[in-house]
Amino acid sequence: MKKSSYFLILVILLLPLVGCSSNSDKVSKEDNIPNLKVGYIFTNHHTALMTAASKGEEFKGEGIYLKKDIDREKYTLMKDDKPVAKLDLVVTKNGSETMTMMGQGHLDLGLASSAANIAAMDKGNKIKILSPVHTEGIGLVVGKDSSINNWDELLKELENRDEPMKIGYHSPTSAPVILFEAAIKEAGISYSNNPQNLDADILLVDLKGTSNLIPALSSNQVDGWVGPSPYPELSQTEKVGKIILDMKHLPPEGKWHDFPCCVASATEKTMERYPEVVEDFMSLLTVSANYSEKNKEEAAEIVAKWTGVSEEAAKMSSIKYTTDPNETWVSNVELIFNALKDSNKLNDNFKDKEYKKIKDILYNFNYVK
């Protein structure tokens, strides 16, 4: 056989592989529907997704539900009893990792903090925020034997210390640390990320993942931390730490209520190729978020079983589940945007932009409105 013939056969064999490098190009052979990957974190901030997967066909009456293929891993998104997409649920360590994987094409849809999404878009990642998945649910925690029990006592402790207080966080683009930085800056408290800066009141320590929050406290690596539910509640039930503040009550009181945290987002590529699937996925999240808000005890039980945290800790949560991007929520995202700018975390596309100028870049609410 001639070399040219070998080459022709090789090209024909390779043709089916062309263009299949990213997950959103893959189509389920069984149903001829897209196979999409959804990133989320083991936190009850993402209860809507866990509830949808756990309730499964019990949501059939809503017209949209998940059919289980492999528990906690693979599901078929069903609409009116017809399959519309295969979904792989992928656990990530934090919002930054979720955004990195979306930017690399390894995830098509993701649940992560609004701050992580904004930071990713600043760097040029082609994604859009579709809706919130909850608000609030952030706590300030110190060691269980600490003499600090509230915000005022924390301020007194800072006045009397000879060295910075070490406060940890799980990700540099997470809502807890963004909110904390904004609040302590407004309160006139100095802070730094540099361990050599002994003049700061607070040293912020990146603990690189929610799984390190409680161990860092028990090992005295930090004096306290800010983190998402269920970790503040879990630290208390495990008798490692104590919650001294639900962070919606940070001063000035009222300013941080209904504070944005985690959102649902999609890559622009996924929205362009599968707009109806994205809309169906968001319909499912809305159904599930509304159910979780109305049935908080059951939702807590689902999260406890799914993540392994105690039911006691899960039921202590003060999270509000919603996918409604109302005016208050959109307005409050500006606080996160400005906090990111003020802390020099936006240095590319949004460096010289005002929030009102880039709303159209950040959001696509068409799937939930």
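This is a predicted model: local features need pLDDT of at least 70, side-chain atom pairs count only at pLDDT 80 or more; totals for chains, interfaces and linings use all residues.
Local features need pLDDT of at least 70 and side-chain atom pairs count only at pLDDT 80 or more, while totals for chains, interfaces and linings use all residues. Residues are numbered from 1 along each chain as its sequence is written, and side-chain values use heavy atoms, with hydrogens and water left out.

**Exercise 1.** Find where Thr 98 sits, and decide whether Thr 98 is buried or exposed.

*Solution.* Start with the helices, which, like strands, are DSSP runs numbered from the N terminus (H or I, at least four residues, for helices; E, at least two, for strands). Thr 98 belongs to helix H3, residues 95-103. Next, check its accessibility: Thr 98 is buried because its relative accessibility is 0%. The cut-offs are under 20% relative accessible area for buried, over 50% for exposed, and partly exposed in between (1.4 Å probe, protein chains only). Finally, look for contacts (heavy atoms within 4.5 Å). Beyond neighbours within four places in sequence, the contacts of Thr 98 include Ile 41, Leu 107 and Ala 112.

**Exercise 2.** Describe the surroundings of Phe 42.

*Solution.* First locate Phe 42 in the loop between strand E2 (33-40) and helix H2 (47-55). With a relative accessible area of 29%, Phe 42 is partly exposed. Then list what Phe 42 touches, not counting residues up to four places away in sequence: Met 50, Val 91, Tyr 231, Trp 306 and Thr 307. Now try a distance: Thr 210 is 168 residues from Phe 42 in sequence, yet their C-alpha atoms are 8.5 Å apart in space.

**Exercise 3.** Which strands are joined to E8 by five bridges, and how do they run?

*Solution.* Begin with E8 itself, residues 138-143, where six of six residues are buried. Two strands pair if DSSP finds at least two bridges between them. Strand E12 (residues 224-228) runs antiparallel to E8, with five bridges; here Val 141 has Trp 225 as its partner. Strand E13 (residues 241-246) is also antiparallel to E8 and joined by five bridges, and Gly 139 faces Asp 246 there.

**Exercise 4.** Compare the span of helix H10 with the expected one.

*Solution.* Count the residues: H10 (275-294) has 20. To finish, pick out buried residues of H10, among them Val 277, Phe 281, Leu 284 and Ser 288.

Terms used:
The expected span of a helix is 1.5 Å times one less than its number of residues.
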